[in-house]
Amino acid sequence: MNILMRSAAVAAITIGFAGGALAQTEVKIGYALAPASHYGVAAEKWQEAVEAATEGRYMFRHFPSSGLGGEREVVEGVQIGTIEATIVSSGTLSNFVPDTGVFDIPFLFRDLAHARGVLDGPIGQEILEKFDDVGLVALAWGEQGFRHITNNRGVIDEPGDMAGLKLRTMENPVHITAFQTLGAAPTPMAWPEVIGALQQGVIDGQENPLSVITSANLAEVQKYLTLSGHVYSPAVLLVSRQLWDGMSDADKDAFREGAAEAVTAMRGFIDEVESSGIERLRAQGMEIGELSAEARTAFQEALAAAYEQYYASYDRALIEQIIAAE
Ligand code: PAF
């Protein structure tokens with residue numbers, strides 16, 4: 001636990017006012033990106049909905065931009081109850097709930113509609129329930145969009161261009177396997193270290209969706225963007241078991257419904273950035289390429305050995321069911 005997190009790590013403050021007129025519970029919500037990102041917009045919407053439905057009995061306190069540490073630390077904080085809520089990528093999730101890793105398999109989803117359908121349907125909802133087993137309450141799947149590769153070496157046209165590329169990945173075994181198989185030099189790293197590592201040239205590049213590339217101003221430290229869309233990037237809205245178990249059923253509904261509204265806002269943000277982000281990044285000086293249909297097929301073929309590992313770790317029938325979902 002880092003110092004910031006420790007200083008923030010106090011139990012939810014319940015403030016009773018004289019006469020018992022109002023008791024407010026503080027909900028510390030941590031997320032990795034700026035308030036103007038898809039996470040910030042979703043956290044704001046979640047707050048508004050919960051505050052309206054509970055007449056202000058829950059007071060959200062935001063810790064954006066990794067203010068409570070990296071995503072792994074924040075999920076651990078939610079797990080032990082020192083942080084009440086987070087919106088977090090799938091980066092370290094499979095270390096907590098291994099089954100979530102199935103959604104991190106490259107080229108699994110065709111497009112956003114396909115991913116949203118699976119996550120909102122029985123497969124996604126069943127995996128959300130598995131968070132209960134590790135002391136976390138997962139209320140909804142959100143998203144970041146499809147991940148693309150940025151670097152300072154050049155635009156990527158074919159799998160061979162990945163050779164030796166020092167690419168920061170999330171601390172995510174499924175992603176690490178993919179980039180190792182492609183011949184890159186994957187460097188797993190917590191997000192708060194990434195900008196500094198890019199500035200110092202410790203790594204050549206990183207991969208993230210347009211939502212992150214724009215909101216974290218990666219154009220300032222990366223010259224080339226390749227629209228690879230190599231993997232969908234889910235996010236999840238979590239609350240701590242300690243907070244949850246102290247709530248009335250009505251308050252639980254307020255959090256659940258607020259999470260659904262937050263996801264709608266987040267997806268709206270993603271839709272917008274998917275259509276306007278590329279032009280914005282080009283205007284900021286990035287040189288942008290896109291994998292051709294042939295190159296995408298070549299990447300999928302180059303990942304054959306990685307898929308064998310995924311089939312050994314995850315139920316192959318489930319993977320095929322996800323791919324076939326309409
Ligand atoms: O790359 C990551 O670690 C994640 O996508 C990020 C930027 C922390 C957002 O969740």
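## Cavities

The structure holds 3 cavities of 30 Å³ or more. The model is a predicted one.

The largest cavity has a volume of about 190 Å³. Its lining is made up of 19 residues, and those nearest its centre are Glu71, Ser89, Arg168, Met170 and Trp191. Two or more lining residues come from each of the elements α3 (71-80) and β5. Sorted by class, the lining of the largest cavity consists of 8 nonpolar, 6 polar and 5 charged residues.

## The second largest cavity

The second largest cavity holds about 60 Å³ of space. Residues in its lining include Asp104, Pro106, Phe107, His175, Ala178 and Phe179. Leu182, His230, Val231, Phe299 and Leu303 also line the second largest cavity.

Helix α6 (173-181) and strand β9 each supply at least two residues of this lining. Which element gives the most to the lining of the second largest cavity? The answer is α6, with 3 residues. By class, the lining of the second largest cavity divides into 8 nonpolar, 2 polar and 1 charged.

Helix α5 spans residues 122-129, and its buried residues are Ile123, Gly124, Ile127 and Leu128. These residues are on the same side of α5, because they cover an arc of only 140° around the axis. An α-helix has 3.6 residues a turn, so residues three or four places apart point the same way. On the other side of α5, Pro122 and Glu129 are exposed.

What do the buried residues of α5 pack against? They pack against α4 (112-120), β5 (136-151), β9 (224-240) and α13 (316-324).

## Histidine 114 in helix α4

Histidine 114 is located in helix α4, one of the elements that the buried residues of α5 pack against. Is histidine 114 buried or exposed? Histidine 114 counts as buried, because its relative accessibility is 2% and buried means under 20%.

A polar atom of the side chain of histidine 114 lies 2.7 Å from the backbone oxygen of isoleucine 322. Leaving aside residues up to four places away in sequence, histidine 114 touches Leu108, Phe109, Ile322, Ile323 and Ala325.

Glutamine 24 is placed in strand β2 (residues 23-30). Glutamine 24 counts as buried because its relative accessibility is 18%, and the cut-off for buried is under 20%. The side chain of glutamine 24 reaches the backbone oxygen of glycine 56 at 3.1 Å. Between glutamine 24 and threonine 150, the C-alpha to C-alpha distance is 44 Å, and the two are 126 residues apart in sequence.

Glutamine 284 is found in the loop between α10 (249-283) and β10 (287-290). Along the chain, glutamine 284 and methionine 59 are 225 residues apart, and their C-alpha atoms are separated by 38 Å.

Methods: Residues are numbered from 1 along each chain as its sequence is written. This is a predicted model: local features need pLDDT of at least 70, side-chain atom pairs count only at pLDDT 80 or more; totals for chains, interfaces and linings use all residues. Side-chain values use heavy atoms; hydrogens and water are left out. Helices (H or I, at least four residues) and strands (E, at least two) are DSSP runs, numbered from the N terminus. Buried means under 20% relative accessible area, exposed over 50%, partly exposed in between (1.4 Å probe, protein chains only). The arc is that of the directions from the helix axis to the C-beta atoms. Contact means heavy atoms within 4.5 Å. A polar contact is a pair of N or O atoms within 3.5 Å; within protein, one must be able to donate a hydrogen and the other to accept it, and residues adjacent in sequence count only if both atoms are side-chain atoms. On a 1 Å grid over the protein atoms alone, a cavity is a set of points where a 1.4 Å probe fits but cannot get out, and a pocket is an open set with protein on both sides within 12 Å along at least five of seven lines; lining residues have an atom within 4 Å of a point. Grid points are joined across faces, edges and corners, and a volume is the space filled by probe spheres set on the points. Ala, Val, Leu, Ile, Met, Phe, Trp, Tyr, Cys and Pro count as nonpolar, Asp, Glu, Lys and Arg as charged, and the others, Gly among them, as polar.
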